[in-house]
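Work through the exercises below with the structure open beside you. Try each task before you read its solution.

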Amino acid sequence: MRILSMPLIVATLLVGCRDDSEPTSPDSGALQQDSGVSGDDAGIPEDDAGVPEDDAGVPEDPLPSGPPVPQGPPNVPEFNPAFPGQTRVPAIQTKTPIQVTEIASGFRNPWAIAFLPDQRMLVTEKATGSLYIVTQQGAKSPAVSGLPAVDARGQGGLLDVEVSPDYAESQRIFWTYSEPRTGGNGLAVARARLVDGAQPRVENVQIIFRMMPTLESTLHSGGRMVFTPDGKLFVTLGERSILAGRVQAQDVKSHLGKVVRIHPDGTVPQDNPYLGNPDAKPELWSVGHRNVLSAALDSQGRLWTVEMGPQGGDEVNLTEAGKDYGWPTIGYGEEYSGAPIHQSTQAPGMEQPVYYWDPVIAPSGMTIYSGTLFPEWRNNMFIGGLAAQALVRLMVRNDRVVGEEHLLKNLNARIREVVQGPEGALYLLTDATNGKLLKVTPQ
């Protein structure tokens, strides 16, 4: 285990610069160059003025002011935000000195982390379809055997992993992966019993959900999972990037471009929002998404997601039941060729993002901080930035973003995953052929 002790580095580099490390992958940054507006349009909602109190009754600091995080020019400058503070809010700086500890390395494009009850971690490798158990000291198990084959081309492979809320009794884990099928592939959600030991394996594998329809695409599978306090499971689904999938993002007869909500056995909760529509897939929670790779619950149990835009328009959404988030009808980006996608950024019946980036960060992985190691971070969002090569921190007040910080720029690493550990540290994965598992704590 190697410790990289460092003071907090405030982002001084441009964000969203062209990243050609994976030129065939839209989430590599080569195809992620956001649109937006000038820093003069950043602002603070008037109803957030003053010094509010946090959920412990302690007065919070005044709202940030000043220039935004340094970034490149907008790709679509004619698109203006719908309200002040929807993009380019003031830059903020963490006061607590931090240190980054390298727990383990040698992962080939790792994708997700989940904690077992004893604080060991499950870590997925996207490219190889392998799952490992990793100790806090960095010891890595042999690959867990028994997982089904994956289609690892492009953005496919083995993606998210979660530990069942009843793991102490069931020993179940859940994972998402790009499933090879006749006629193409599609995201699948599997669960199985984890048999721990020197040669770990899974048994009684069940596929509890399959994204339909099947398409031939190596892109935009989505794949993040979030368990709710009452044991239900959210799964994010991309629209596969190709036109045949894009046009289905708002079609309730399709899973593509949606967030779905299921029980852990794959059955449908009876309070799902589209059950009254006989034409709709009953699993649907929300529609009109492009490729959601970041998802987390806040302290109120509400689902927040962060969605990859095209060339412009990565966006944060408070993702609520039965709502349409607009893709591809509205948005703040453009085609990678520079051709327009949207005639407008707003339309009746379609939700506005709480926040969007200009240029993009290429988001992946997300947690909303609830720990005690960093009191100043409480209720802040942390998002992995691939193109930004940063851990992106958002300060949120009254469901509006009021401050932004780009941490760990000095690592020069694509941040694929960020989760909060049981002790309140942040754990990260870097997306590389020699990917690393890192731990962020106070110095």
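**Exercise 1.** Which residue forms a salt bridge with R88, and how far apart are the closest N and O atoms?

Solution. 
- Step 1: Find the partner. R88 forms a salt bridge with D358.
- Step 2: Read the distance. The closest N and O atoms are 2.5 Å apart. The model is predicted, so side-chain atom pairs count only at pLDDT 80 or more.
- Step 3: R88 lies in the loop between β1 (2-5) and β2 (98-107), and D358 lies in the loop between β17 (355-356) and β18. The pair therefore ties together parts that are 270 residues apart in sequence.
- Step 4: Check burial. Buried means under 20% relative accessible area. R88 has 8% relative accessibility, so R88 counts as buried. D358 has a relative accessible area of 0%, so D358 is buried.

**Exercise 2.** Which residue forms a salt bridge with R224, and where do the two partners lie?

Solution. 
- Step 1: The partner of R224 is D160. Their closest N and O atoms are 3.7 Å apart.
- Step 2: R224 sits in the loop between β9 (201-210) and β10, and D160 sits in strand β6. The two are 64 residues apart, and the pair links distant parts of the chain.
- Step 3: Both R224 and D160 are buried.

**Exercise 3.** K232 and D230 meet in a salt bridge. Is K232 buried or exposed? Is D230 buried or exposed?

Solution. 
- Step 1: Start with the contact. The side chains meet at 2.9 Å, N to O.
- Step 2: Take K232. Its relative accessible area is 12%, so K232 is buried.
- Step 3: Take D230. Its relative accessibility is 51%, so D230 counts as exposed. The cut-off for exposed is over 50%.
- Step 4: Look at the whole model. The salt bridges come to 23. Some link up: D118, R120 and D196 are joined in a network of salt bridges.

**Exercise 4.** In what order do the four strands of the open sheet run, and which are the edge strands?

Solution. 
- Step 1: The order is β10-β11-β12-β13, and the pairing is antiparallel.
- Step 2: The edge strands are β10 and β13 (284-286), because each pairs on one side only.
- Step 3: Neighbouring strands of this sheet are turned by 30 degrees against each other on average, direction ignored.
- Step 4: Zoom in on one pair. β10 and β11 (residues 233-236) pair over three bridges. V226 stands opposite F234 in β11.

**Exercise 5.** How many residues line the largest pocket, and which lie nearest its centre?

Solution. 
- Step 1: The volume of the largest pocket is about 970 Å³.
- Step 2: The lining holds 35 residues. E162, V226, F227, T367 and Q420 lie nearest the centre.
- Step 3: Several elements give two or more residues to this lining, among them β3 (110-115), β6 (158-163) and β10 (225-227). The largest share, four residues, comes from β22.
- Step 4: Sort the lining by type. It has 20 nonpolar, nine polar and six charged residues.

**Exercise 6.** Where is Q171 found, and how far is Q171 from L116 in space?

Solution. 
- Step 1: Q171 is found in the loop between α1 (167-170) and β7 (172-181).
- Step 2: At 23% relative accessibility, Q171 counts as partly exposed.
- Step 3: Q171 and L116 are 55 residues apart in sequence. In space they are 9.6 Å apart, C-alpha to C-alpha.

Notes
Residues are numbered from 1 along each chain as its sequence is written. This is a predicted model: local features need pLDDT of at least 70, side-chain atom pairs count only at pLDDT 80 or more; totals for chains, interfaces and linings use all residues. Side-chain values use heavy atoms; hydrogens and water are left out. On a 1 Å grid over the protein atoms alone, a cavity is a set of points where a 1.4 Å probe fits but cannot get out, and a pocket is an open set with protein on both sides within 12 Å along at least five of seven lines; lining residues have an atom within 4 Å of a point. Grid points are joined across faces, edges and corners, and a volume is the space filled by probe spheres set on the points. Ala, Val, Leu, Ile, Met, Phe, Trp, Tyr, Cys and Pro count as nonpolar, Asp, Glu, Lys and Arg as charged, and the others, Gly among them, as polar. Two strands pair if DSSP finds at least two bridges between them. Axes are lines fitted to C-alpha atoms, for helices over the stretch in contact, and angles run from 0 to 180 degrees between N-to-C directions. A salt bridge is a side-chain nitrogen of Lys or Arg within 4 Å of a carboxyl oxygen of Asp or Glu. Buried means under 20% relative accessible area, exposed over 50%, partly exposed in between (1.4 Å probe, protein chains only).
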